[in-house]
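Please have the sequence and the structure open while reading.

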Amino acid sequence: MKPCFLLDEHIAPAIQQQLRQRDPAIEILIIGDNNAPARGTLDPGILLWIEQNGYILVTRDRNSMQLHLVNHYATDRHIPGILWLRSSAQFGEIIETLFMIWFASNADEYVDCMFSIPF
C-alpha cells in the first residue's frame, strides 16, 4: 500500500497541488481539507486522526508535537509516521522527496518512525 500524506496547516498548499500534478493517484490532504482534521485541530487530535486514517504527517512543528507524541505513545498508541521538514528545505526538494517516498516505498515502512526531510 502506498503512503498517504497529511500536510499540516502551515505548509504551502502549492506542495499538495504540485504533487497531484505529478501523479493524481497520490493521496495527500492538508489540515482543513474535506475528510481531514479541521484547521486549528490540536496536536493530540491530529495524532489520533493520522493513526485512525493511516496518513503520514508532514510538519515543521517539532516543538509542541514531540511532547504530544510522547503522551500518545504512553497510552499504547501508534502513528503511521511523521516527516519533519528541515528548516532549510527548499520547495522543490520537499516535492521531490515526498514524491520519491510515495513512488518507491510502502506505507508500513514508516509506522512509528520519524524522519527529517529532505533526507
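## Helix α4

How many residues does helix α4 have, and how far does it reach from its first C-alpha to its last? In this predicted model, α4 runs over residues 91–104 and has 14 residues. Its reach is 20 Å, close to the 20 Å expected at 1.5 Å a residue.

The buried residues of α4 are Ile94, Ile95, Thr97, Leu98, Phe99, Ile101 and Trp102. The cover over these buried residues includes the strands β1 (4–7), β3 (55–59), β4 (82–85) and β5 (114–117), together with helix α1 (13–22).

In soluble globular proteins, nonpolar side chains tend to be buried together. The largest nonpolar core here has 21 residues, and those that touch the most other members are Phe5, Leu7, Ile15, Leu19, Val58, Leu83 and Leu98. Two or more residues each come from β1, α1, β2 (28–30), β3, β4 and α4. Helix α4 gives the most, with six residues.

Which residues does Leu19 contact, leaving aside its neighbours within four places in sequence? They are Ile26, Ile28, Ile95, Leu98 and Phe99.

Met100, Phe115 and Phe119 make a nonpolar surface patch of about 300 Å². Phe115 is found in strand β5.

Why does Phe115 count as partly exposed? Its relative accessibility is 31%, and partly exposed residues are those between the buried limit of under 20% and the exposed limit of over 50%.

Technical notes
Residues numbered from 1 in each chain as written. Predicted model: local features only at pLDDT ≥ 70, side-chain atom pairs only at ≥ 80, totals over all residues. Heavy atoms only, no water. Helix = DSSP H or I, 4+ residues; strand = E, 2+ residues; numbered from the N terminus. Expected span 1.5 Å × (residues − 1). Buried < 20%, exposed > 50% of the residue type's maximum accessible area, 1.4 Å probe, protein only. Contact = heavy atoms within 4.5 Å. Patch = residues over 30% accessible without salt bridge, like charges linked within 9 Å, V, L, I, M, F, W, Y side chains within 5 Å. Areas by Shrake-Rupley, 256 points an atom, 1.4 Å probe, with all protein chains shown as cover. Salt bridge = Lys/Arg side-chain N within 4 Å of Asp/Glu carboxyl O. Core = buried A, V, L, I, M, F, W, Y, C linked by side-chain atoms within 4.5 Å.
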